[in-house]
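Let's take a walk through a protein model together. Have the sequence and the 3D view open as you read.

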Amino acid sequence: MTMKINVEILFATDAQITKNLLVKQFVDNQAGGFSTFVHDGKQLVVIKDKEWKTADAIRSIAGEISRSLAAQKVDSASIQADQLGHKWSSQDEAVTAFVEGWHLGAYNFDRYQSKKADPVTTLDVKGADKAAVKSGEVRAAAMAFSRDLMNELSDVLNPETYPEVLKDHFKGTKVKVDVLGKKEIEEREMNGVLTVCRGSKYEPSFVEMTLQTDASKPLVALVGKGVTYDSGGISLKGGRDDSDMRMDMGGSAAVSGALSLLAHSDAKVNVVVLIPMVENTPGPDAVMPGEVIQYKNGISVQVGNTDAEGRLILADGLIRAGELNADYTVDIATLTGAVVAALGTEVGGVFGDEELSNKMKKIGDQNGDFVWPLPLIDEYEETLDSAYADCNNMSSLTVAGSITAGLFLRKFAPKNNWLHVDMAGVMDKQKSKGYYTKSATGYGARLLADYTVSLTK
């Protein structure tokens, strides 16, 4: 008979620890932010007495503990809410962050593995406000949904099946899901989408999802790049392992996760999510470098490189946001390798309105989806010139690729209150750390949801 394992989580300042010098020394000498051991007949997790400078530090330690206890097959764990409150300025914020990190830290995508992951250890935050606990659970679930979408295989999640996944997910919520097929996309003259998809065996889709729980709020349009696999097209990629190119729909996962968070937290918002969905592969009908796309807004674009496809479909999404008269627009995409060179793998880049960029940065600093404002340098715009069309989808520069990609998108974006987020560097992790596990991060779900809420206040 297997005995259920229940663990108590304490801080190193707890009297149970400080009154025993041997135990205190043991805790102090352990590597990492916590230690787990049996003391007085019960298993304890003791968190080291370390200052939490950000809420993300709370999420990270919770994720590490959760993952460790799941591996030990611990059934349940408990922590006192007031202990979390003593370590942070707001007890409710600390509880939400701890719960969020707990559930994300033990996340697993194991549907194709014969050995299934250990279940998440049940967490009981004693004395906590129920709303604070629920908020942490909802936030974690939304980010996990984004991770699931990004981790899914490209032959399972493709432009034809993706809309059905979203319909199923939002069933029973106040979200309205409209799906445009190829015929409707042709009628709407979304020629970027139609061009990029030509090499694929899958027909394109364009998904519009709306959540209007307060019509008096400003309309926020969230546009996400939905390239379910990016081979580079005719301009074929040459990586040693390109399997993570199934995550090139990370922008669409971000906006879908954001909408899920808003819908399940009963936020008072007026938001529309726009996702152009394609697969970018070579084929007999694939777009060739040098071809010209005529967009609905009158701009013609020469395709200099078929691997710069994300901006070609986002252009249609941004045009649609303008047609809907959105008051604020954000597009998000795994767009350029250049942003990785500039910012690395811990922070995304944001371009556009300076005041709104700084507002988004502050939001990311709090919720863990870190972002850094980067400039759109007007002098670089001429490097997008084409001898055959109004512009090229590639810059003639060999540097500043994330900036020139942003300048390209600006040609199609609404004139006011527009931001572009390049999340290429933060789409996945190479190892488990904090509340992240190896593979997709789910970046952007919290960032865009919290940003949307901030615009309604």
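A search of the whole structure turns up 0 disulfides, a disulfide being a pair of cysteine sulfur atoms within 2.5 Å. Take Cys197: it is in no disulfide, and the nearest cysteine sulfur, that of Cys391, is 20 Å away. Cys391 is likewise in no disulfide, with the sulfur of Cys197 as its nearest, 20 Å away.

Are these two buried or exposed? Cys197 has 6% relative accessibility, so it counts as buried. Cys391 comes out at 1%, so it counts as buried too. Here buried means under 20% relative accessible area, exposed means over 50%, and partly exposed is in between, using a 1.4 Å probe and protein chains only.

## Where the model comes from

This is a predicted model, in which local features need pLDDT of at least 70 and side-chain atom pairs count only at pLDDT 80 or more, while totals for chains, interfaces and linings use all residues. Residues are numbered from 1 along each chain as its sequence is written, and side-chain values use heavy atoms, with hydrogens and water left out.

## An open pocket

On a 1 Å grid over the protein atoms alone, a pocket is an open set of points with protein on both sides within 12 Å along at least five of seven lines, a cavity is a set where a 1.4 Å probe fits but cannot get out, and lining residues have an atom within 4 Å of a point. Grid points are joined across faces, edges and corners, and a volume is the space filled by probe spheres set on the points.

Helix 6 supplies the largest share, 5 residues. Helices (H or I, at least four residues) and strands (E, at least two) are DSSP runs, numbered from the N terminus. By class, the lining of this pocket has 11 nonpolar, 7 polar and 8 charged residues. Nonpolar covers Ala, Val, Leu, Ile, Met, Phe, Trp, Tyr, Cys and Pro, charged covers Asp, Glu, Lys and Arg, and the others, Gly among them, are polar.

The largest cavity has about 50 Å³ of space, and its lining is made of Arg188, Glu189, Met190, Lys296, Asp316, Ile319, Arg320 and Glu323. That lining splits into 2 nonpolar, no polar and 6 charged residues.

The second largest cavity has about 30 Å³. Val196, Gly199, Asn280 and Thr306 are among the residues lining it. What classes do we find in this lining? There are 4 nonpolar, 5 polar and no charged residues.

## Rings and charges

The whole structure has 8 aromatic pairs. Rings of Phe, Tyr and Trp (its six-membered ring) pair if their centres lie within 6.5 Å; planes under 30 degrees apart are stacked, over 60 edge-to-face, and the rest tilted. The ring centres of Phe26 and Phe37 are 5.2 Å apart with planes at 80°, so this pair is edge-to-face. It links distant parts of the chain, with Phe26 in helix 2 (residues 21-29) and Phe37 in strand 2 (residues 34-39), 11 residues apart. Phe26 is partly exposed at 37% relative accessibility, while Phe37 is buried at 12%. Elsewhere, Tyr295, Phe408 and Phe412 form one aromatic cluster.

Some rings have a charge over them, which takes NZ of Lys or CZ of Arg within 6 Å of the ring centre and within 35 degrees of the ring normal. The charged end of Lys87 sits over the ring of Trp52, 5.4 Å from its centre. Lys429 lies over the face of Tyr436, 4.9 Å from the ring centre.

Most residues other than glycine have a negative phi. Asp40, though not a glycine, has a positive phi of about 55°. You'll find Asp40 in the loop between strand 2 and strand 3 (42-47), and it is exposed, with a relative accessible area of 67%. Ser439 is not a glycine either, yet has a positive phi of about 100°; look for Ser439 in strand 19 (residues 439-440).
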